[in-house]
Amino acid sequence: MNPLGAAYLAVFTVAGAVGALAGTTWIRADSAVIPGTLLWSAALALAVLVTWPAEPPRMGLLCAAWVVGAILMFVAAEGLWSAVLTHRGERVEATVTALREGQEDGRHLYYTLADPDGRRIAGELGQWPGSSIGASDNPEGTVGHRVTVVRDPQGLVDPRLPEELTDAGGMWIVGPAVLVVTAVFCMLAGRPVAHHARTTSARRRRPAKRSAARAGALPGRRRTRGMTGERSSGIPHGQPSPRRAP
C-alpha cells in the first residue's frame with residue numbers, strides 16, 4: 001500500500017460517509033442529488049490537491065477511482081438506513097396525512113405519515129406498496145390510506161416498506177466489493193510519477209547538452225592557417241606585418 005493511494009482512499013471514504021449521513025431525513029430524497037454532486041466534486045478536488053503541485057496525479061486512474069467512489073457513497077447511504085431500521089426499526093400501521101410530488105422527471109409521490117397515535121413519522125415514504133422503479137402505472141396512495149412501514153423511532157432515516165428492507169440486505173455484499181474496487185484504483189493512481197517524468201526529461205536533455213558542448217568546443221580547437229600553410233599570427237587581413245629591426 002503506497003501512502004498516496006491510501007490518502008486518495010481516505011478522501012473518498014470520508015466523502016462517502018459524509019454523503020451517507022447527509023442523505024437521511026435532514027435532506028429530502030429528491031433534493032439530495034445537488035448537495036451530493038457538490039460534495040463528490042469537492043472530494044475529487046481535494047484528492048488532486050493532496051499531491052499538487054509537488055507531484056502531478058495520474059488523472060485517468062484517479063477519475064476512475066472517483067467514479068467508483070460515487071457508487072460507494074450510494075451504497076453507503078443505502079446501507080445506513082438498512083442498518084438503522086434492521087437494528088432499531090419499528091413496524092407500524094401508518095396513515096397518509098399529506099402527499100408531495102417530487103422534483104424528478106416523471107411522476108413520483110412522497111408520503112407524509114402518522115403513527116397509530118396520530119404523531120407524525122419523521123421523514124417521508126418514497127415508495128407505495130406494489131410499485132416498481134421506472135413503471136408508468138405504479139399504484140399510488142392518497143390521504144387517509146393506511147400502509148405498513150418500518151420506521152426509526154429516533155427519526156434518523158425515512159420510513160420504508162418491509163419489502164424494501166428485505167431487498168436492501170444485498171448491500172452488505174455489494175458494499176465491501178465496491179470498497180475493494182475503489183481501493184485498487186486508488187492504489188494504482190497513487191503510484192509515483194514525478195520521478196519517472198524527471199528521469200525521462202533528463203534523458204531527453206542530455207544529447208542536446210552534449211551536442212551544444214561539442215559545437216562550442218570545436219572553434220577553440222581549430223586554428224586558421226594562411227595561404228602558405230603557416231599559422232595565422234592573429235593580425236587582421238590586409239595590414240602589413242611589422243618588420244623586425246635590422
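Modeller: Start with Leu 156. Keep in mind that the model is predicted.

Is Leu 156 buried, exposed or something in between? Its relative accessible area is 24%. Buried needs under 20%, and exposed needs over 50%. Leu 156 therefore counts as partly exposed.

Now look at what Leu 156 touches. Set aside the residues up to four places away in sequence. The contacts are then Thr 24, Thr 25, Trp 26, Val 84 and Arg 88. Take Val 84 from that list. In sequence, Val 84 and Leu 156 are 72 residues apart. In space, their C-alpha atoms are 8.2 Å apart.

Take the contacts with a separation of 6 or more: 70% of them are between residues 24 or more positions apart.

Next, go along to Glu 164. This residue has its place in helix α4. Its relative accessibility is 14%, so Glu 164 counts as buried. Leave out the neighbours within four places in sequence, and Glu 164 is in contact with Trp 81, Leu 125 and Gln 127. Trp 81 has another partner to look at. Arg 160 lies over the face of Trp 81, at 4.1 Å from the ring centre.

Follow α3 to its partner α1. The crossing is right-handed. On the α1 side, the contact is made by Tyr 8, Phe 12, Ala 15, Gly 16, Gly 19, Ala 20 and Leu 21. On the α3 side, the residues include Leu 62, Trp 66, Met 73 and Leu 80. Sort the contact by class: there are twelve nonpolar residues, two polar ones and no charged ones.

A search of the whole structure finds two aromatic pairs. In one of them, the ring centres of Phe 12 and Trp 40 are 5.7 Å apart, and the planes meet at 35 degrees, so this pair is tilted. Phe 12 is in helix α1 (residues 3–22), while Trp 40 is in helix α2 (residues 33–49). The pair links distant parts of the chain, 28 residues apart. Both Phe 12 and Trp 40 are buried.

Tyr 111 and Trp 128 also form a tilted pair, with 4.9 Å from centre to centre and 45 degrees between the planes.

Finally, step back to the whole protein. There are six helices and three strands. Along the sequence, they follow the pattern α-α-α-β-β-β-α-α-α. Of the 246 residues, 34% count as buried. Glu 164 is buried, whereas Leu 156, where we began, is partly exposed.

Methods. Residues numbered from 1 in each chain as written. Predicted model: local features only at pLDDT ≥ 70, side-chain atom pairs only at ≥ 80, totals over all residues. Heavy atoms only, no water. Phe/Tyr/Trp six-rings, centres within 6.5 Å; stacked < 30°, edge-to-face > 60°. Helix = DSSP H or I, 4+ residues; strand = E, 2+ residues; numbered from the N terminus. Buried < 20%, exposed > 50% of the residue type's maximum accessible area, 1.4 Å probe, protein only. Lys NZ or Arg CZ within 6 Å of the ring centre and 35° of its normal. Left-handed = near helix turned anticlockwise from the far one by under 90°. Contact = heavy atoms within 4.5 Å. Nonpolar A, V, L, I, M, F, W, Y, C, P; charged D, E, K, R; others polar.
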